[in-house]
Amino acid sequence: MGTLRLYTKQALSISEQIELLKSRGLNIADSSKAAKFLGEVSYFRFVQYLRPMEADKTTHQFKPNSRFEDAVALYNFDIELRDLMFKAVQRLEIALRTKIIQEFSLAHGPFWFFDTSLADDEHKFIENMNSIDRELQRSKEDFIKEHRRNYDKPIFPPAWKTLELASFGTLSKLYYNFSDKKLKKRVARQFNLPQHEVLESWMRSVTVLRNCCAHHSRLWNRYLSNAPQMNASLRGAWVNIDGVDANKVYAIACCIAYWLGSMGYGLDFKNELKSLLVSYPQVDPAAMGFPENWISEPLWR
């Protein structure tokens, strides 16, 4: 066995945090403002926005002319970026939930989601039902209470009630595991996507993005797991994917813009994203995977 490595660092006061940053070469013009900021945003969270200014990633010495205020601007940009993405994801989630519930219920009845004959994988089916049951047990929604007062069987309320409680992740898993491929394709086509596999890929990516936004995690230069499928033959205006890193923000932003466009909301999202980038000229879009001439791509015009 190797030598045990012990963590020995102690907590620093805010004034000590500021002095540490100054000793590493960071320019802090107003220490009182910096102290107020660090009193509201933890050093450990904020330091992620200082990394691009470091000249040495081991000693954490900063490049010449590195400013505390620039990192604060980057932090604020990230907040606005998450807000924009989360607002878009909410619209997508509600639309997708509505179409899945409607199409599947019309074709297979109000209780299709706990019909094992409609599931591809029994183990995943059980996992999904356990998740749904937990949500129902926790629910304080009036429409669930009313249903329980009036009905005893089946054990679950119909899809249009039960699946309003399901998380986006659980809803996505129900869709993945649904055996009626023609019906899944019908839902995908309503978002101008050619196949259900493309929609499934985008749903997985959006779920990761949603969790990142919901937990206030850094987004601007994050490497996102579950890259969306970018090489599908799409009917609408799309982008040149050569050299695009599908695990970066740009790729998922393209999917969201296209997806919203199929619903008539794409222009608003695109304009808001463009305005956000213009309002923070110190932010390098390349760190989020944006190619140099992205704005001239057919999707973004």
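## Pockets

On a 1 Å grid over the protein atoms alone, a pocket is an open set of points with protein on both sides within 12 Å along at least five of seven lines, and its lining residues have an atom within 4 Å of a point. The structure examined here is a predicted model, in which local features need pLDDT of at least 70 and side-chain atom pairs count only at pLDDT 80 or more, while totals for chains, interfaces and linings use all residues. Residues are numbered from 1 along each chain as its sequence is written, and side-chain values use heavy atoms, with hydrogens and water left out.

The largest pocket has a volume of about 430 Å³, a volume being the space filled by probe spheres set on grid points that are joined across faces, edges and corners. Its lining comprises 13 residues, with Tyr7, Lys9, Leu12, Leu20 and Tyr43 lying nearest the centre. Helix H1 (14-23) and helix H3 (43-46) are the elements that give two or more residues to this lining, where helices are DSSP runs (H or I) of at least four residues, numbered from the N terminus. By class, the lining of the largest pocket divides into 7 nonpolar, 3 polar and 3 charged residues; Ala, Val, Leu, Ile, Met, Phe, Trp, Tyr, Cys and Pro count as nonpolar, Asp, Glu, Lys and Arg as charged, and the others, Gly among them, as polar.

For the second largest pocket the volume is about 200 Å³, and the residues that line it include Tyr49, Met53, Asp70, Trp220 and Asp284. This lining divides into 8 nonpolar, 1 polar and 2 charged residues.

## Cavities

A cavity, by contrast with a pocket, is a set of grid points where a 1.4 Å probe fits but cannot get out. There are 2 cavities of 30 Å³ or more. The largest cavity holds about 70 Å³ of space, and among its lining residues are Trp112, Phe113, Asp115, Asn128 and Phe178; by class, that lining has 7 nonpolar, 2 polar and 1 charged residues.

The second largest cavity, at about 40 Å³, is lined by residues including Ser205, Leu224, Pro228, Lys248 and Ile252. Its lining has 5 nonpolar, 3 polar and 1 charged residues.

## Aromatic pairs

Across the whole structure, 24 aromatic pairs are found, a pair being two rings of Phe, Tyr or Trp (its six-membered ring) whose centres lie within 6.5 Å, with planes under 30 degrees apart counted as stacked, over 60 as edge-to-face and the rest as tilted. One of them joins phenylalanine 37 and phenylalanine 46 edge-to-face, at 4.8 Å centre to centre and 70° between the planes. Phenylalanine 37 counts as buried at 12% relative accessibility, and phenylalanine 46 is buried with a relative accessible area of 0%; buried means under 20% relative accessible area, exposed over 50%, and partly exposed in between (1.4 Å probe, protein chains only).

Phenylalanine 191 and tryptophan 259 also form an edge-to-face pair, 5.7 Å centre to centre with 75° between the planes. Phenylalanine 191 lies in the loop between helix H9 (181-189) and helix H10 (196-214), whereas tryptophan 259 belongs to helix H11 (residues 249-261), so the pair ties together parts that are 68 residues apart in sequence. Phenylalanine 191 is buried at 0% relative accessibility, and tryptophan 259 is buried at 1%. Elsewhere, ring pairs link Phe104, Phe111, Trp112, Phe113, Phe114, Phe156, Tyr175 and Phe178 into a cluster.

## Charges over rings

A charge sits over a ring if NZ of Lys or CZ of Arg is within 6 Å of the ring centre and within 35 degrees of the ring normal. Lysine 99 lies over the face of phenylalanine 191, 5.9 Å from the ring centre, and the charged end of arginine 204 sits over the ring of tyrosine 176, 4.0 Å from its centre.
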